[in-house]
Amino acid sequence: MPTDTPEQLAEAFAAAISAGEVPAAVALWNDDAAIVQPDGQSIHGRPAIGDALQALVDNGLAMEIDVTGVFQAGDVATVIGTLTLSGANGDGEPFTQRSSSVVVYTRGPEGWRIALDAPWGLPSV
């Protein structure tokens, strides 16, 4: 899927995760990208991000991203929205988890890519 806009990147990423296509999802990240966890710690680089995304897929989670705002300056965009994960818990009971996310995208020759993702929002420091 093309990533000519930040919105297309969000759609492509959610579709890849929901389809279980981790390599396609990881390809949408910069090599030196990071995920900010709720405790403020970060996961750095495509290999570590791939492991985290594989855990989502292995647990059968579906992902939906609702982009509510895009703030762009040249080849950098900050995207805010709602991340919804749904699936089954350890007891097989269905669950849905929603969070307010903040993501920084950068645009290069291959289109928009994820540079920094705070899927649970930015932690208080």
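A salt bridge, as used on this tour, is a side-chain nitrogen of Lys or Arg within 4 Å of a carboxyl oxygen of Asp or Glu. Keep that in mind for some of the later stops.

The model on your screen is predicted, so local features need pLDDT of at least 70 and side-chain atom pairs count only at pLDDT 80 or more, while totals for chains, interfaces and linings use all residues. Residues are numbered from 1 along each chain as its sequence is written, and side-chain values use heavy atoms, with hydrogens and water left out.

**Stop 1: the sheet**

Colour the strands to begin. Helices (H or I, at least four residues) and strands (E, at least two) are DSSP runs, numbered from the N terminus. Six strands form an open sheet with mixed pairing, in the order E2-E1-E6-E5-E4-E3; two strands pair if DSSP finds at least two bridges between them. Select 42–44 and 62–73 to see the edge strands, E2 and E3, each of which pairs on one side only. From one strand to the next, the twist averages 25 degrees.

Now select E4 and E5, which pair in the antiparallel sense over 13 bridges. Which residue in E5 is the bridge partner of Gly 81? Look for Ser 101.

**Stop 2**

Show H1 next. H1 packs on the sheet and touches E1, E3, E4, E5 and E6 (contact means heavy atoms within 4.5 Å), and its direction makes about 160 degrees with that of E3.

**Stop 3: the core**

Select Phe 13, Trp 29, Leu 53, Met 63 and Tyr 105: they have the most contacts inside the largest nonpolar core, which has 29 residues. Such a core is a set of buried Ala, Val, Leu, Ile, Met, Phe, Trp, Tyr and Cys residues joined through side-chain atoms within 4.5 Å. Buried means under 20% relative accessible area, exposed over 50%, and partly exposed in between (1.4 Å probe, protein chains only). Among the elements that give two or more residues to this core are helix H1 (6–18), helix H3 (46–58) and strand E5 (94–108). H1 gives the most, with seven residues.

Zoom in on Trp 29. Not counting residues up to four places away in sequence, Trp 29 touches several residues, including Phe 13, Leu 53, Arg 113 and Asp 117.

**Stop 4: a buried charge**

How far away is the nearest side chain of opposite charge? Asp 117 is buried yet has no salt bridge, and that nearest side chain, Arg 46, is 13 Å away. Here Lys and Arg count as positive and Asp and Glu as negative; His and the chain ends are not counted.

**Stop 5: the salt bridges**

The count comes to three salt bridges.

- Select Arg 46 and Asp 31, whose side chains meet at 3.3 Å, N to O. They are 15 residues apart, in helix H3 and strand E1. Asp 31 counts as exposed because its relative accessibility is 58%.
- Select Asp 75 and Arg 107, which meet at 2.9 Å, N to O. Asp 75 is in the loop between E3 and E4, and Arg 107 is in strand E5.
- Finish with Arg 113 and Glu 110, at 3.7 Å, N to O. Arg 113 is buried, with a relative accessible area of 13%, whereas Glu 110 is exposed, at 61%.

Methods: Axes are lines fitted to C-alpha atoms, for helices over the stretch in contact, and angles run from 0 to 180 degrees between N-to-C directions.
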